[in-house]
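Welcome! Please take a moment to look over the model below, and then let us walk through it together.

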Amino acid sequence: MLVVWPARAVAAVVVLPCQLLYELARLIARGLWRLVIEPIGRVLTWMWRRLVAPVVRAVGSFLRWLLTPVWQAVLLLARGLGFLFEQLIARPLGWFVRTLVVPAWRACAALVRATLRGVRAALRVLVVVPLAWCWRTILAPVVRAISTVLRILVVIPIAWCWRAVAAAFRLLVVQPCRWINRTIWRPIRLAVADISRTLTGRR
C-alpha cells in the first residue's frame with residue numbers, strides 16, 4: 001500500500017497529463033491531415049490531372065508537331081550541304097592535290113636535291129680542290145719560307161737586341177742606382193734622421 005499510492009500519485013501527476021497531451025496532439029494532427037492536407041492534396045492532384053498535365057501534353061505535342069519538321073529540314077539541309085561540299089569541293093580538291101600538287105612538289109624537291117648536289121660537286125671541283133692544291137703546293141711553302149726569314153731576320157735580332165738593352169740597362173742604371181742608394185743615400189738619410197731625433201728629442 002505504501003508503494004502503490006506514491007506510484008498512483010506520480011502516474012496521476014506526470015504520466016496522465018503527458019498521455020492526455022499526446023492524445024490531444026494526435027487528435028489535432030489527424031484532424032489537420034483529414035481536414036486540410038488531404039483536401040489540399042486532392043485539389044492539387046485534380047488540378048495536375050485535369051489542368052496542368054493536359055496543358056503539358058498539349059504543349060509537348062505542339063512542340064513535337066512544330067519542331068520535328070524543322071529538325072528534319074535541318075538534317076536534310078545539312079546532308080545536302082555535306083553532299084554538295086563533298087562533290088564540289090572535297091573531291092575536286094583531293095583530285096587536284098593528288099594529281100597536280102603532290103607530283104609537282106615531288107618534282108620540285110627532286111630538282112632542288114639535284115641542283116644542290118650539282119652545286120656542291122661544282123664547288124668542290126672548281127673551288128675546294130684548287131684552293132687545297134694551291135695551299136699545299138704554293139701558299140704553305142711560301143708561308144713557311146716567310147716565317148723562317150722573319151724569324152732569322154727579325155725575331156732573333158729583336159730578341160738579341162732586347163736582351164742586350166736589358167743587360168745594358170741593368171748594368172748602367174739599375175746597379176749604379178742600387179750602389180748609390182746603398183752607399184750614399186741610405187747613410188745620408190740615416191744621419192739626417194739621427195740629427196732630427198736629437199734636435200727634437202723624439203725616438
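The paragraphs that follow go from the overall form to single residues and their partners.

A word on the ground rules comes first. This is a predicted model, in which local features need pLDDT of at least 70 and side-chain atom pairs count only at pLDDT 80 or more, while totals for chains, interfaces and linings use all residues. Residues are numbered from 1 along each chain as its sequence is written, and side-chain values use heavy atoms, with hydrogens and water left out.

Start with the whole chain. The protein chain has one helix and zero strands; helices (H or I, at least four residues) and strands (E, at least two) are DSSP runs, numbered from the N terminus. The radius of gyration of the protein chain is 62 Å, whereas the globule rule gives 17 Å for 203 residues, so the chain is more spread out than a compact globule. Here the radius of gyration is taken over C-alpha atoms, and the globule rule is 2.2 Å times the number of residues to the power 0.38. Along the principal axes, the C-alpha atoms of the protein chain fill a box of roughly 145 × 100 × 35 Å.

How much of the chain is buried? Of its 203 residues, 1% count as buried, where buried means under 20% relative accessible area, exposed means over 50%, and partly exposed lies in between (1.4 Å probe, protein chains only). The chain exposes about 18,300 Å², and carbon and sulfur atoms supply 76% of that area. These accessible areas come from the Shrake-Rupley method with a 1.4 Å probe; for residues, only the protein chains shown count as cover.

W46 lies in helix α1 and is partly exposed, with a relative accessible area of 48%. The C-alpha atoms of W46 and L123 are 77 residues apart along the chain and separated by 101 Å. A122 is also found in helix α1 and counts as partly exposed at 34% relative accessibility. L111, another residue of helix α1, is exposed, with a relative accessible area of 56%. L111 and Q87 are 24 residues apart in sequence and 34 Å apart in space, C-alpha to C-alpha.

Now turn to the aromatic rings. The structure holds one aromatic pair. The rings of F62 and W65 have their centres 5.9 Å apart and their planes at 35°, so the pair is tilted. By the rule used here, rings of Phe, Tyr and Trp (its six-membered ring) pair if their centres lie within 6.5 Å; planes under 30 degrees apart count as stacked, over 60 as edge-to-face and the rest as tilted. F62 and W65 both lie in helix α1 (residues 4–200), three residues apart, or about one turn of the helix. F62 is partly exposed at 45% relative accessible area, while W65 is exposed at 61%.

Finally, consider the charges. Side chains of opposite charge can pair when their charged atoms come close. Which residues do so here? The structure holds two salt bridges, a salt bridge being a side-chain nitrogen of Lys or Arg within 4 Å of a carboxyl oxygen of Asp or Glu. In one of them, the side chains of R42 and E38 meet at 3.3 Å, N to O. R42 and E38 both lie in helix α1, four residues apart, about one turn of the helix. R42 is exposed, with a relative accessible area of 53%, and E38 is partly exposed, with 26%. E86 also forms a salt bridge, with R91, and their closest N and O atoms are 3.4 Å apart. E86 counts as partly exposed at 34% relative accessibility, and R91 counts as partly exposed at 49%.
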